[in-house]
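Please look over the sequence and the model below before reading on. The text then goes through a few places in turn.

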Amino acid sequence: MTRQVRASAGNRPALAVALVLTLVAGGFAAWEGRSWYAAAHDDSAAYAAQRDRALAAGEQAVQNLNTLDHRRVDQGLDLWETSTTGELHKQLVDGRPEFTRQVKAAKTVTTARVLSGAVTELDDRAGRARLLVALRITVTTPDSKSSEKDSRMLGELTRADGRWKLSGLGQAPVGGTATG
């Protein structure tokens with residue numbers, strides 16, 4: 001009987017260590033779970049995700065509006081119209097017949113590739129954003145000669161039907177002005 005008592009007493013330090021380790025692990029798991037929950041429900045994470053969606057949609061729309069093939073002008077202009085909203089959309093729709101004639105007469109193929117882009121302003125509640133996009137535009141003429149031009153565009157985005165669309169687009173100013 002004495003032997004059994006001594007064996008049980010010998011297991012107490014191991015039992016105590018196991019209990020302490022279990023409590024520490026449980027505390028750590030609870031702390032990490034709370035941290036994960038806070039990060040998942042943090043407004044800044046949702047804001048960053050919305051910014052990324054606006055940037056992706058904006059870059060694609062700017063690329064769309066700088067790409068057009070005279071052989072498929074109607075498809076290209078349809079894409080322009082689905083990429084836009086507001087006054088910009090209205091201008092494209094109203095000017096479509098004349099623009100179609102000009103592109104078919106010129107027989108050019110214009111392609112654009114986004115080099116980089118950034119959202120400069122985002123008002124998620126109002127559904128408005130602004131972005132700056134750098135692109136490389138290649139124009140190929142009927143005699144298969146190509147010319148490239150780098151361009152910086154400023155765009156305004158509006159969320160319409162849950163999607164970001166271009167509502168304004170223009171050239172970004174290049175360089176500074178002399179002061180003195």
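Predicted model: local features only at pLDDT ≥ 70, side-chain atom pairs only at ≥ 80, totals over all residues.

In soluble globular proteins, nonpolar side chains tend to be buried together. Leaving out residues up to four places away in sequence, Leu135 touches Val62, Asn66, Ala112, Arg113, Val114, Leu115, Lys149, Asp150, Ser151 and Met153.

Asn66, one of the residues that Leu135 touches, is in the loop between α2 (43-65) and β1 (68-69). Is Asn66 buried or exposed? Its relative accessibility is 14%, so Asn66 counts as buried, the limit being under 20%. Apart from neighbours within four places in sequence, Asn66 is in contact with Thr110, Thr111, Ala112, Leu135, Ile137, Met153 and Leu169.

The structure also holds 1 aromatic pair. Trp80 and Phe99 form this pair, with 5.3 Å from centre to centre and 45° between the planes, a tilted arrangement. Trp80 belongs to helix α3 and Phe99 to helix α4, 19 residues apart, and the pair thus links distant parts of the chain. Trp80 counts as buried at 9% relative accessibility, whereas Phe99, with a relative accessible area of 30%, is partly exposed.

Another ring is that of Trp31: Arg34 lies over its face, at 4.6 Å from the ring centre.

Methods. Residues numbered from 1 in each chain as written. Heavy atoms only, no water. Helix = DSSP H or I, 4+ residues; strand = E, 2+ residues; numbered from the N terminus. Buried < 20%, exposed > 50% of the residue type's maximum accessible area, 1.4 Å probe, protein only. Contact = heavy atoms within 4.5 Å. Phe/Tyr/Trp six-rings, centres within 6.5 Å; stacked < 30°, edge-to-face > 60°. Lys NZ or Arg CZ within 6 Å of the ring centre and 35° of its normal.
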